[in-house]
Structure formats: C-alpha cells, structure tokens
Amino acid sequence: MARRLLLGCSAVGNTLVDRSREEGVELVAITDDTGWVSTLRDRNVATVEADPTDPSAYPDHAAVVLIASDDPARNVAAAEAARERYPDAMIVAHVGTNPTAAQGSALEAVADRVVDPVEALAARVREATDADGDELPVRLLSTLRELSGPLLVVAHDNPDPDAIASAIGLARVADVVGVPADPCYGGEIAHQENRAMVNLLDLSLSTFDDIDLDDYDGVALVDHSRAGINDSLPEEYPVDVVVDHHPPRGPVAGSFVDIRPDAGATSTLIEEYLSRLGVEPERELATALLYGIRIDTKDFTRSTSIPDFEAAASLSPLADESTLERVESPSVSQETLRVLANAIEGRDVRGSTVASCVGEISDRDTLAQAAERLLDLDGVTVTFVYGYMDGVIYGSARSRGAELDVGELLRDALDPVGSAGGHATMAGAQVPLGILKEVSESESLPEVVEAFVSGRFFEALDDAPTQPTGAPPEFPTE
C-alpha cells in the first residue's frame, strides 16, 4: 500500500489525515508541534515528534508527501527537503498563512500541487455571489437572510421520499446562512418504503401536530406550492419560500418561488442549490435526495430531465447504496395486497384507461402503489385508483406513454369539489366525503363513491384534448 508522509500539521493537515484514513491509506506524520503530536497520536496516527524540515527524520519511502503547517517559510523548506529525498514522489503543499509572493513562487517551483484553502473558499464565494443577482441560489439566500427568526420547512401531507428529502435539504441550505430551520410534515409516513428511508437514514422531521407556528418567522413549502392545499397549514397562510416541480394551479405567493415542471423531482432543485453554494451534502442527505429523484422519476424512466441526471450523478458518489438497497426492499403489508386485489377486481376499463374504487382504506399510500401496478396491464396507459378514509376520498393517478396530462385531468375532474394536482404522469386528489351527504338506501357507500368519482373522472377524460386509446386489457396471469 502506498505510503503518505505528512510534514507539519495544522487544521488543513488534520483534514488531510481524515481523507487518508477514509481511503484506507497508510500515513506517517512528522511534526514538532507538541499539541498536534498529542492529537494525532490520540487518533492512532503514526506520528514522529521531529522537525518536519529535517530529512534525517523521514522514512525510507514515500509515494505522496503532504506539506501542511501554517508557517509558509517552513513549508517551503520542508517541500525542498522532501523533493531532494524523494525525487519521484508527488508533493502536495499547503501555502500556509499569509505567504509572501516569493514564498508562493518557491513552493510552486518544487511542489506538484500547491493548495490555498483561502483562495479555494474565495472562489466558491465568488461563484455564488458574482453571478447575476437574479440567479436562483443567490435570491434564495437573500430571502433567507431577511428572516429574523427560524424557518419552518413544510412538506406536503403524508410525504413521499422526494418531499421528505427536499424538506431536509432546504433546511440544510438555510443552515448555510445561519438560519435555523425545522423540516416538518402533516399526516403520516405510511408507505413502508418511506418509513424505511426515514428510519434507516435516521432522518429528523417534526410532525405538524408538534409545531407552534408562532415560533417561526418564515415558512417554506417543498414539493407543493399552496398553503392549506395538501398540507396542514391554514389555507392562504403567508409563505416566504416555495420550491416545487409540479405545475401550479393558479398564481403562487412567496418572496422566493422556484417551480420547474420540467424537472422530475424537487430533490433535483435542492441538489442544484447545494452544488451552486459549494455545500457537499452529508451521506444521509445525499442518499435521501438521490432516492427522492429515483422514486419521482421511476428510476429515470418517467418525466426525467437532464438536470435530474446531473443531480443524480453528483449525489451517487456521496450516497449509501447499501442503505438504498434496504430501503427499496421492504416487506409488503397486508393492506397493500388487499388494496391491490380490490383494484384489480373492481377495475373499470375504458379503452386504455383504468379506474378502480377500492372502498375504505387504512393507508392512503397503497393507492399510489396500486395505480403503479395497474400500469402493468397490457394496453393500459392511464390508471386511477381511489378509496376513502377519515372522511376524505383520496385518489392517485398514473400514466405511461399517454398523450394526456393526468395532473390536468384530475384537476378538471375533482378540483372543483376538493383539491387535485400533480403533473403529466403522476397526480393525486382529495375530496371531502361529506359532499355525498345523501346516500341512497339501495346503494352502499362504496357504490355511491364509485358512481360519483368515476363519473367525474370519465367525464373529464371525455373532454380532454387528447385521449389514450387501445384494446381492453387483460390482467397478466404470470
């Protein structure tokens, strides 16, 4: 294994030690700073207490030499001594604190690479601040700086992986400018994969029931764009920040609004902010953001844009793939199987569209899973599965290869009597069950719900600009 030699130590040197340990590379340190000698030895780093400019203290071989004290003059001397002792070694040198021009030139003459952390940081700052003032990350930070207190980051109710990751990611962005931020959600995290993601990555989110809005000076919405619509905020509550990838239904209020329907996931936008600000997300956050992108794009097969691929490529080296594998293979609940069976049994097929009422449910996330599964029917391009619980009718729609926007379809069908939204290939709706106050004595509640919801759905489908066509499907037997 190649040996690395650290000559001198400082905060920069300590960081280089961390990187070497992560890579599993053998490292020997030489420094005459007793404080750093003690610190390095406490961390089980092989350390020699000696003058780092004295080659007699050097080991016989070194493939890479790291020069890392804060003293520019000693760094030059150490680099020159190392070059003479190890002619073929790669020498990476820290410039030190406040080097003169002559010291900088001398170091560049002998080292293969000269590192100036101050200049590197300045370059990152220039990259973020020298841009046009209208650039999104700049305006976002400006909006956050104007807050006089903490920020509440609100995901939509019963959040999916994209909403969860985006809420935590936006809180991390706020942290960049020293603004405390709390990600939260209403409803519950019911889908087994979503629960696995939160538990295995140890993600910290508050439930809305534990939140006092008076404790916060600002509110941000992620993965949705209107307060009180599919979240637990009061309707039309003042909002400062909105970050979403779903097309809005009408104007969106906020000091900072970034809505990009072309993006496959809100997590893509959050990754872009972090990247532009020079912030490398922690392993847990990187894993969550990558999973959010993969889920909302169905592993890059649905509504995927170039920025989605770029964000995923940036996050992949930082993510924990072994944890992702565990998240993606959770056990399937009995409720999921029951709802799927009901969706198959009760399907109403019209051309290449399938709608199915599954009756009363206990987990609304099962509707999305059933809608996804019904897309596997031969000849089907649009699916809509709905059921009811706690006084609300919930519905989930999916499409694949259809010249039809299911987000607009559900809005036209159900927004007038409840709320609905989404984008071309994935959408959801909620309708108060109380709208069906009079139930015929000759009909059960499921029959009334089915007649009402399916009626509005297929009526909107008939009026849609383009309709999917195809032969009635047969459910595969294998």
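Buried residues are those under 20% relative accessible area, exposed residues are over 50%, and partly exposed residues lie in between (1.4 Å probe, protein chains only). The model is predicted: local features need pLDDT of at least 70 and side-chain atom pairs count only at pLDDT 80 or more, whereas totals for chains, interfaces and linings use all residues. Residues are numbered from 1 along each chain as its sequence is written, and side-chain values use heavy atoms, with hydrogens and water left out.

**Figure 1. Two buried cysteines, Cys 9 and Cys 184.** Cys 9 is buried because its relative accessible area is 7%. Cys 184 is likewise buried, with a relative accessible area of 0%. A search of the whole structure finds zero disulfides, a disulfide being a pair of cysteine sulfur atoms within 2.5 Å.

**Figure 2. The open parallel sheet of strands E1 to E6.** Helices (H or I, at least four residues) and strands (E, at least two) are DSSP runs, numbered from the N terminus. Two strands are taken to pair if DSSP finds at least two bridges between them. Six strands form this open sheet with parallel pairing, in the order E3-E2-E1-E4-E5-E6. Strand E3 (46-49) and strand E6 (113-115) are the edge strands, each pairing on one side only. On average, neighbouring strands of the sheet are turned by 20° against each other, direction ignored; axes are lines fitted to C-alpha atoms, for helices over the stretch in contact, and angles run from 0 to 180 degrees between N-to-C directions. Strand E2 (residues 26-31) and E3 are joined in the parallel sense over four bridges, and Thr 31 stands opposite Glu 49 in E3.

**Figure 3. The largest nonpolar core and the surroundings of Leu 170.** A nonpolar core is a set of buried Ala, Val, Leu, Ile, Met, Phe, Trp, Tyr and Cys residues joined through side-chain atoms within 4.5 Å. The largest has 51 residues, and those with the most contacts inside it are Leu 144, Leu 151, Leu 170, Val 173, Met 197 and Leu 203. Helix H7 (residues 161-176) gives the most to this core, with nine residues. Contact denotes heavy atoms within 4.5 Å. Leaving aside neighbours within four places in sequence, Leu 170 is in contact with Leu 140, Val 153, Ala 220, Val 222, Val 241 and Ile 270. Another core, of 29 residues, lies apart from the largest one and includes Tyr 386, Leu 410, Phe 458 and Ala 460.

**Figure 4. Asp 258 and its contacts.** Asp 258 is found in strand E12 (residues 256-259) and counts as buried because its relative accessibility is 3%. Residues up to four places away in sequence not counted, Asp 258 touches Leu 136, Val 242, Val 243, Asp 244, Leu 269 and Tyr 273.

**Figure 5. Helix H9 and its packing partners.** Helix H9 (residues 266-276) is largely enclosed by the rest of the structure, because eight of its eleven residues are buried. These buried residues are Thr 266, Ser 267, Thr 268, Leu 269, Ile 270, Glu 271, Tyr 273 and Leu 274. They pack against helix H6 (136-145), H7, strand E11 (241-244), E12, helix H10 (283-296) and helix H11 (306-315). Gly 278, whose phi is positive, near 75°, follows H9.

**Figure 6. Helix H8 and its packing partners.** In helix H8 (residues 192-200), the buried residues are Gln 192, Asn 194, Ala 196, Met 197 and Val 198. They pack against H7, H10, helix H12 (321-327), helix H13 (334-345) and helix H14 (365-374). H8 is followed by Asp 202, which has a positive phi near 55°.

Figure 7. Strand E14 (residues 353-360) is mostly covered, with seven of its eight residues buried. E14 runs antiparallel to strand E13 (residues 347-350), to which four bridges join it; here Arg 347 stands opposite Ser 356. The hairpin of E13 and E14 has two residues between the strands, and in it Gly 351 takes a positive phi near 65°. Six bridges join E14 to strand E15 (residues 382-389), and these two strands run parallel. Val 354 stands opposite Thr 383 in E15.

**Figure 8. Confidence along the chain.** The predictor's confidence in each residue is its pLDDT, from 0 to 100. The protein chain averages a pLDDT of 86, and 91% of the residues score at least 70. Among its elements, helix H5 (residues 117-129) has the lowest mean pLDDT (55) and strand E10 (residues 218-222) the highest (97). Over residues 128-134 the pLDDT is below 50, and this stretch has ten contacts in the model beyond near neighbours in sequence.
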